[in-house]
Amino acid sequence: MAAFQAKIYELFRSAAAGKSPFWIGAGVAGAAFAVAVLSIVLPRGGDREASLGAWDRVASVLQHRRCLNCHQSNEPLQGDNPRRHTPRVVRGHDNQGAPGMRCSSCHGEQRNNEASRVPGAAHWKFAPRSMSWAGLSAGALCRTIKDPAKNGGRSPRALVKHVEDDSLIHWAWAPGGERKPIPIPHYVFVEFVDEWVRTGAHCPD
Ligand code: HEC
Ligand code: HEC
């Protein structure tokens, strides 16, 4: 910047001395200055917008029934028109149900059981209470999943990794039975999460 300022100063001086066409010089300097300012200001504004745009797409997945049915505060829900889990199950001390009614007594580790209609995937368990998203606006949801005190101590990068790898998230794309899968491809979802993080993980108000 110092060299740039010196250049402007020099232009002014030579103009004052009547040695060069001042207005052309000032015009060039002004244009250069405008470009410099825009290149500093625009990407930031643009990034925030890109981030919020990506977040909208991310939120549309997080708020899908396949995810919300497990990200509840008290008990899991079932179905596309969510109803209470039948039979009734509770969280239990480790998010895997009470003794005798463990998630694993019915939910397989490998795959959905199409005969009994019980969905299954590795590590089937209830989302911890701090990860309950029921009733949250898109902005509140955004702040919740970013908050390391609530999200299992994850950095934004670790969130991208989680949505890329987690078996329960993958299940939501092949949920079995009549359950609706997430409508956009999994890799597109991961790309939106990645874009949201790369552009500063901004949250709407
Ligand atoms: C069967 C229950 C279940 C389903 C279905 C489920 N989750 Fe989760 N989710 C969990 C559990 C359990 C954890 C905590 C895992 C941990 O901390 O290691 C979790 C953690 C997360 C986290 C990281 C913590 C946080 O709050 O940021 C994200 C992100 C997440 N889930 C997204 C999803 C998305 C997106 C879907 C749907 C596509 C989904 N989950 C479906 C049970 C579920
Ligand atoms: C006694 C058996 C049984 C136990 C125990 C059980 N479930 Fe289920 N669960 C089912 C059945 C059956 C379904 C499918 C019902 C249907 O879709 O008609 C189901 C469906 C679900 C769904 C719905 C998926 C969707 O989006 O529709 C979630 C979430 C779920 N269970 C979570 C849990 C969690 C978490 C635990 C442990 C705390 C658990 N279940 C314990 C039998 C059980």
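Predicted model: local features only at pLDDT ≥ 70, side-chain atom pairs only at ≥ 80, totals over all residues.

Trainee: What span should H8 have, and how far apart are its end C-alpha atoms?

Mentor: H8 covers residues 186–198, and at 1.5 Å a residue its 13 residues should span 18 Å. Its end C-alpha atoms are 18 Å apart, which agrees.

Trainee: Which residues of H8 are buried?

Mentor: Phe189, Phe192, Val193 and Trp196 are buried in H8. Seen down the helix axis, the buried residues of H8 fall within an arc of 95°, so they line one face of the helix. Tyr187 and Val188, on the other side of H8, are exposed.

Trainee: Which residues have the most contacts inside the largest nonpolar core?

Mentor: They are Trp55, Val58, Phe192, Val193 and Trp196, in a core of 19 residues. The elements that give two or more residues to this core are H2, helix H5 (138–146) and H8. H2 gives the most, with 6 residues.

Trainee: What is Val58 in contact with, leaving aside its neighbours within four places in sequence?

Mentor: Val58 is then in contact with Phe192, Val193 and Trp196. In general, nonpolar side chains tend to be buried together in soluble globular proteins.

Trainee: And H5, which of its residues are buried?

Mentor: In H5 the buried residues are Leu141, Cys142 and Ile145. They cover an arc of only 100° around the axis, which puts them on the same side of H5.

Trainee: Let me step back. How many helices and strands are there in the chain?

Mentor: The chain has 8 helices and 2 strands. From the N terminus on, its elements run α-α-α-β-β-α-α-α-α-α. Of its 205 residues, 14% are buried.

Trainee: Now the ligands. Which residues are closest to ligand 1?

Mentor: The closest are Cys67, Cys70, Asn151, Gly152 and Ala172, among the 22 residues that surround ligand 1. Helix H2 (22–62), H3, helix H6 (156–165) and helix H7 (167–171) each give two or more residues to this shell. H6 gives the most, with 3 residues. By class, the shell around ligand 1 has 15 nonpolar, 5 polar and 2 charged residues.

Trainee: What surrounds ligand 2?

Mentor: Ligand 2 is surrounded by 24 residues, of which the closest are Pro76, Gly97, Cys103, Cys106 and Phe126. The elements that give two or more residues to its shell are helix H3 (65–68) and helix H4 (103–106). H4 gives the most, with 3 residues. The shell around ligand 2 divides into 10 nonpolar, 9 polar and 5 charged residues.

Trainee: One last topic, the backbone. Which peptide bond is cis?

Mentor: The bond from Thr86 to Pro87 is cis, with omega near -5°. Pro87 is found in the loop between strand S2 (83–84) and H4. Asn95 also has its place in the loop between S2 and H4, and its phi is near 65°, a positive value in a residue other than glycine.

Trainee: Where does His123 lie, and is it exposed or buried?

Mentor: His123 lies in the loop between H4 and H5. With 12 other C-beta atoms within 10 Å, His123 is exposed. Its phi is positive, about 60°, although His123 is not a glycine. For context, most residues other than glycine have a negative phi, and most peptide bonds are trans.

Technical notes:
Residues numbered from 1 in each chain as written. Chains lettered and ligands numbered in written order. Near = placed C-beta within 6 Å. Helix = DSSP H or I, 4+ residues; strand = E, 2+ residues; numbered from the N terminus. Nonpolar A, V, L, I, M, F, W, Y, C, P; charged D, E, K, R; others polar. Expected span 1.5 Å × (residues − 1). Buried ≥ 20, exposed ≤ 12 C-beta atoms within 10 Å, placed from the backbone. Arc of directions from axis to C-beta. Core = buried A, V, L, I, M, F, W, Y, C linked by C-beta atoms within 7 Å. Contact = placed C-beta atoms within 7 Å.
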